[in-house]
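Student: I would like to learn how to read the features of a structure such as this one. Please give me the general idea each time, then the case at hand.

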Amino acid sequence: MTTRWFGAPVQRVEDDRLLRGHGRFTDDIGEGALECCFVRSPYAHARIRSIDVSEARSALGVVAVYTAADLPFGGVDLPLLIPHPNLTHGRTQRCLASEVVRYAGEAVAFVVAESRYAAEDAAELVQVEYDPLPVVITPEVAARAEHLVHDDVAGNVAAEMLQEVGDLDAAMVTAPHRKRLRFRYERGAASPLEGRAVWAQWSAAEHKLTVYDSTQSPTSIRGGLAVLFGLPESNVEVIAPDVGGGFGPKIMLFYPDEVLVPYAAMQLGRPVKWTEDRQEHFTAVNQERGQVHEVEVGFDGDGRIVALSDDFIHDGGAYTPYGIILPIITAAQVPGPYRVPNYRVRFRDVYTNATPTSPYRGAGRPHACFVMERTLDAIASELGVDRVEVRRRNLIQPDEFPYAVGVAWQDGNRVVYDSGNYPELLDRALEMLGPRPGGDHVGMGLAIYVEGTGVGPYEGAHVQVLVSGKVVAATGIPSQGQAHATVWAQVVADELGVDVKDVEITSGDTRRFPWGVGTFASRGAVTAGNAMHIAAGMVAAKAKQIAADHLEASPADLELVDGRVRVKGSPDRGMPLAAVAVLSNPVRYAFGGGTEAATQFASKPRPGPPLQGGEQPGLEATGYYSPPGSTWASGCHAAYVRVDPKTFRLEILKYVVVHDCGRVINPLVL
Amino acid sequence: MKVNGVEHSPPADPRRLLSDHLRHDLGLTGTHVGCEHGVCGCCTVLLDGAPVRSCLMLAVQAEGHEVKTVEGLARDGSPLHPVQQAFHECHALQCGFCTPGFVMSVVGLLAQHPHPSPQEVDEGIAGNLCRCTGYASIRRAVSRAAELSSPLVGKSGPQGRDGAR
C-alpha cells in the first residue's frame, strides 16, 4: 500500500461549500413551504381553562391552526424512548397540551401560515386562559413534595435507583476519617447555533413522506413517523442535512414539531417548515445538568478513599421522554479514574416544573466528575496533603485493566474500563502546565476523568465502487461538524487502495442508509467508523474474488493498490477497480469507465450461471459494527486561574488538556 | 440596494428583516440566523464595508447602501477568499453554521486592521459565537488570513498546522 490515509492530516472536504455560504441547513431548504409558529405556555404550571383559536384561524395568511382537539393523536402521550425497570413513574407530554401545562414553553397551539410573519401574527391572536398552579422549580423543592408536578406521582419521584459495591456501612464505620459534603450543579441549555428545524413534504402520488430534520438521529425519526402515520418505513425518508451543532438535545425525539410539521404537510398537501427561534430553544428544547449531591466519604490518613456514599437528586424536568439515562450515567461515573472499593450510590429522578431533560454535552458526566474532584480537594484540605498527591494515591494503576467498577452502565452492561494510563495523564498535564504564575489569588484547577464512549448498539455502512472507479459510502448517522465525510473517506480509502479524494461519504440520509442509531455520546468514529471499515473490507474481498478468475491468481495473492487489483509481487498483473466494478454486474451491456478494461477479460467465462449461489451483483457491500461495550476514554484538565477578590471575576491564566483518545484518524480535526 | 454588486429592490413589507430578505427573498442562505437578537453574529454581513447584524436591520434600511454577503466573497469555481482559505487551513470551522458570520466579521476587521494585534483579533471576533468552541483555531485563522491578504507573505504554510494534505 503506497499511502496510509488513517492517521494522516487530510484537509476537510466539507469546508469549501460551508465557507462559500453553500451549506444546506434545514431552514435553507424548500422555499415556498408553509411556515409555522407555536403558541407556548408562559406559565411553568397551570391548568388550561380554555383555548380560543377562532380569531387566529381567520387571520390574514393563515392556513391552519391546530390544538390538541384537532389532532387524531391529540390525546396520545408522546413515546417514552428508553424505558427502565426503575423508572416506575415515567411521564411524557402530548404534542399539544389541552389540560395542564407543566413547564413554560410547553406547546399549546400550532399555527400554519403562508409566511413566518403571518404565523407569528396569528399566534398572538390565540386566546388561552390559564389558572396558575403552584410551581415546583428546584430539585430540593421537588423532593420535599409540598406540591406535585403530576397529580398521580407521589413525592414527585419518577425513578429511584440504589447500587452498592463492597460493604459501604462496614467500611465507613471503620474509616479513620469521614467527611460529609454537599454539591449543587446548575441547569444549562445546549444552544447549538442552529436551533431545531423541520421541513416536511407529502407526495400523495407516491404515498411518500419526506422530512428534513435538524436531528442527531434521522433513522429513529423515520421509524417513529412510520409507526405514527401507519406507513411502511420504505415510504418515509428522513434526511439530516447540514446540522449546525447538536450537543445532545437533537438526539431527542419526538419534539412536538417533529410530529406536527409532517402531519400538517400530509393534511394540507403542501410542504411545511418550522424553524425554532432562540427564545423557544431556551424554553422548549431539553436541558440538563441540575443535580444536588449529598456525599459522605471515608478515607485513611494518607487520603486514600475507603468508602464513598453519594445520594443525589436529579432535576428531571416536567417529563421523562428520554428515560433515566442521565442519572444512571452520573451514578456510574462518580468514581471516575479513582479506586473506590466501597461505593453506594442512590439517586432520585424528580419532576420539576421546568423544561424536560435529556443528554447534553457530557450527559451526566460533568456533574459526576465535579463531585469526585471536589471530594478529593476536601480530603486534601482536611489532611493538609497536596491535592495532586491525594489524586495520585487514589488513581487506578495501569496494570489494573480491565477494571470493573461494579455499577450499571447506560447500555445495560456493567462498567468495565478497558484501558488507560491515568497517572501518566496527570504527569503530562502537570508538566505542560508548568510552575504556578506569581501574584495573589491564583489557584490551580485540576480534574481527571474517564468517559464511556463508542456506546452501542450498532451502526452500519454501505460501500460501493462505481464503474467509474469512484467510491461512494453511506451511513445512517448524521454529522454536526465531526468531519464524517473526511475521516470515513480515509478509512474506506485505505481498505480499497484508492485516493481519499475518490471516496464520497453520505451520512444521515435514510434514502442512502436506513439503519442505525444516531450521533451522540462520542460514538460516531467507533461505531460508524468500524462499520465503514467492515463494509469496505467486504468490498475489497469481493473485488479480489472477482478479479482472481480473470487474473488467474488466488484471491489471497491479490492486493488493492492505487485504484487497481493486482498480484502481490507482480504489480503489472492487475486490473482497475473500475473494471472489477463492471465485471461485478453480469448484464449484457457494460457501462462506465471500466468497460474497456473489463472487456479484455470477458473472454474467460465461468461455467454455471452468471450469478452463482449467494453472489450478488455490484461491487458493493453493507457491513455493521456492534461493540461489545463502551470504550473508555480518559483525560486530565489543569488550569491556573486568578480570582478577583472583589468582583469574583475569573481570569484563566493557563489551561491544558491531556486526553487519551486512542488512535487518531485525522489530527487536523481533533 | 446593491447586494454582492447586483441592484435589487427592497421588499414591499417594510418590517421584513434584512436577514430574512437576503435568505428568503434573494436566496442568499449563506447568511445564517442564530438568535435574532444581535448576540450570536451568525447573520453578519458587510454594509458599505463594515460588519453589521442583518437580523437587527430592516431590509428597507439598506436602501441606497451596498450589502456584501458571504456568497459575494469568492465566485463559484474560483479560489476561496483569503479569509475563507485561512479558515479552511486552520480548521476554524466544524459544523459551519457560525462560519459565514465569522468570515464576514474578519473581512471587516482586516479591512480596518490589516495586521491586527492579538487584542484586536479578540475584539474583532468578540461579536460572534461558536458553540463547537473552536475559538483557538479561529484566532489562528485570523492571523493566517492577515498573512494571506498581505501580498508579500501569502504563501507560507498555516500556523501550527503544517504538513496538511
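Tutor: Start with domains; their bounds come from an automatic or database domain assignment. Chain A is divided into domain 1 (31-133), domain 2 (139-188 + 287-455 + 630-669) and domain 3 (459-625). Between the centres of domain 1 of chain A and domain 3 of chain A, taken over C-alpha atoms, there are 48 Å. Keep in mind that this is a predicted model, where local features need pLDDT of at least 70, side-chain atom pairs count only at pLDDT 80 or more, and totals for chains, interfaces and linings use all residues. Residues are numbered from 1 along each chain as its sequence is written, while chains are lettered from A and ligands numbered from 1 in the order in which they are written.

Student: Which domains does the assignment give for chain B?

Tutor: Domain 1 of chain B covers 2-72 and domain 2 covers 82-149. Their centres, over C-alpha atoms, are separated by 20 Å. Two residues are in contact if their C-beta atoms, placed from the backbone, lie within 7 Å. By that rule, 15 residues from domain 1 of chain B and 13 residues from domain 2 of chain B take part in the contact. On the domain 1 side, β3 (44-47) and β4 (50-53) of chain B are the elements that give two or more residues. β3(B) gives the most, with three residues.

Student: What is the make-up by class of that side of domain 1 of chain B?

Tutor: For classes, Ala, Val, Leu, Ile, Met, Phe, Trp, Tyr, Cys and Pro count as nonpolar, Asp, Glu, Lys and Arg as charged, and the others, Gly among them, as polar. The side of domain 1 of chain B that touches domain 2 has eight nonpolar, seven polar and no charged residues.

Student: How many residues does each chain give to the contact between chain A and chain B?

Tutor: Chain A gives 31 residues and chain B gives 34 residues. The side of chain A that touches chain B has 12 nonpolar, nine polar and 10 charged residues.

Student: How many helices and strands does chain B have?

Tutor: Helices (H or I, at least four residues) and strands (E, at least two) are DSSP runs, numbered from the N terminus. Chain B has five helices and five strands, in the order β-β-α-β-β-β-α-α-α-α along the sequence.

Student: Is helix α1 of chain B buried or exposed?

Tutor: A residue is buried if 20 or more other C-beta atoms lie within 10 Å of its own, exposed if 12 or fewer, and partly exposed in between, with C-beta atoms placed from the backbone. Seven of the eight residues of helix α1 (residues 18-25) of chain B are buried, so this helix is largely enclosed by the rest of the structure. Among the buried ones are B:Leu18, B:Asp20 and B:Arg23. Their cover includes β1 (2-3) of chain B. After α1(B) comes B:Gly27, with a positive phi near 75°.

Student: Which residues touch the most other members of the largest nonpolar core?

Tutor: A nonpolar core is a set of buried Ala, Val, Leu, Ile, Met, Phe, Trp, Tyr and Cys residues joined through C-beta atoms within 7 Å. Of the 190 residues in the largest one, they are A:Ala109, A:Phe110, A:Val111, A:Val112 and B:Val106. Beyond its neighbours within four places in sequence, A:Phe110 is in contact with A:Cys36, A:Phe38, A:Tyr66, A:Leu96 and A:Leu260.
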